[in-house]
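Thank you all for coming; I would like to walk you through one structure this morning, starting with a single chain and then turning to how two chains meet.

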Amino acid sequence: MHGFAIAERIHETSADILRVEEGSLYPALHRMEEAGWVTSEWRASDNNRRARYYRITAGGRRHFAGIESEWAAHVKAVMRVMRLA
Amino acid sequence: MALVSRLLNVFRIPSLGRDVEDEVRFHLEQRVQQNLRLGMIKADAEKDAYTRFGSVEHTKTRMLAARLISSHAAAFMVTLALTAAGAAGWMLMARRSPPIYELTDGISAPIPLEMAKPEYTSLAKRAKLQGAVRVRCVLPPSGHCTDVVVVRSLDTHLGLDDEAVRAVRQWRFQPATLDGSPVSTRIDMEVTFALR
């Protein structure tokens with residue numbers, strides 16, 4: 001998936017709630033690639049333009065699974081505090 | 001090793017710069033095309049694409065920084081941060097000439113060309129110290145930082161503040177430009193020390 005498609009997917013799946021500057025996606029993708037969580041390759045896009053396509057790696061999946069459970073625990077904790085308040 | 005990675009960085013620069021340029025351009029073009037399909041007129045479609053993207057120059061600098069930093073035993077990350085000069089436009093900062101500009105949208109951001117790796121001091125490594133040092137410097141057209149100061153300290157005892165300053169002094173940048181001419185800018189950078 002190229003960066004533009006990733007940005008669109010984030011907008012769609014979050015029902016437009018997550019609105020970040022689209023540009024900030026790219027430094028994040030590049031850092032993730034340097035960390036080995038995603039790989040990228042240059043290919044021709046649907047409209048035949050040179051585009052960089054990203055793909056998650058096995059290490060990346062493991063890493064994000066870890067982050068996901070940490071995040072879920074964090075949200076749960078915040079919800080508990082809010083109910084007590 | 002430092003020499004090898006420095007050489008690598010030098011050789012990687014031209015294609016890196018082009019890749020970053022192409023990737024950003026591709027994104028903006030896709031957005032413009034989609035806006036046109038949604039019925040916007042061309043001027044609005046382009047304006048919206050840039051608004052949604054945020055600062056193009058800042059993004060490119062951060063993309064380059066992400067690539068130029070490779071990790072070894074002590075991984076580190078450098079973020080060129082905008083010095084948030086407040087509202088629109090650039091601000092004239094210094095009374096003396098030549099003027100020092102803040103890095104905002106009127107100015108094309110400096111591009112890091114060579115970044116010497118800050119080394120962990122053995123004491124800091126033993127203390128398992130991690131975190132970021134924020135440094136500020138003036139970047140003149142020569143491309144080498146002057147007046148380097150620590151604006152957010154991480155460690156004054158075990159040497160990481162000093163190490164961040166030492167590394168930044170060795171870095172080389174393509175200077176910022178205003179209307180195509182190189183100018184002096186004040187930039188903030190975050191040098192992050194992280195143990196693997």
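Let me begin with a term: a contact means heavy atoms within 4.5 Å. With that in mind, in chain B residues 24 or more positions apart account for 68% of the contacts with a separation of 6 or more. This is a predicted model, in which local features need pLDDT of at least 70 and side-chain atom pairs count only at pLDDT 80 or more, while totals for chains, interfaces and linings use all residues. Residues are numbered from 1 along each chain as its sequence is written, chains are lettered from A and ligands numbered from 1 in the order in which they are written, and side-chain values use heavy atoms, with hydrogens and water left out.

Chain B has five helices and nine strands, where helices (H or I, at least four residues) and strands (E, at least two) are DSSP runs numbered from the N terminus. Of its 196 residues, 49% count as buried, that is, under 20% relative accessible area with a 1.4 Å probe and protein chains only, whereas exposed is over 50% and partly exposed lies in between.

Now to the interior. A nonpolar core is a set of buried Ala, Val, Leu, Ile, Met, Phe, Trp, Tyr and Cys residues joined through side-chain atoms within 4.5 Å. The largest one has 28 residues, and Cys145(B), Val168(B), Trp171(B) and Met189(B) have the most contacts inside it. Strand S4 (131-139), helix H5 (160-170) and strand S9 (184-195) of chain B each supply at least two of its residues, and the largest share, five residues, comes from H5(B). A second, separate core of 19 residues includes Met32(A), Val38(A), Leu28(B) and Met63(B).

How many residues of chain A are in contact with chain B? There are 25, and they touch 24 residues of chain B. The two chains bury about 2,300 Å² between them, 47% of it on carbon and sulfur atoms; buried area is the accessible area (1.4 Å probe) that two parts lose on being put together, summed over both. Phe4(A), Tyr26(A) and Glu34(A) supply 26% of the area that chain A buries against chain B, more than any other three residues.

Finally, the charged pairs. Across this interface the rule finds seven salt bridges, each a side-chain nitrogen of Lys or Arg within 4 Å of a carboxyl oxygen of Asp or Glu. One of them joins Arg49(A) to Glu29(B), with the closest N and O atoms 2.2 Å apart.
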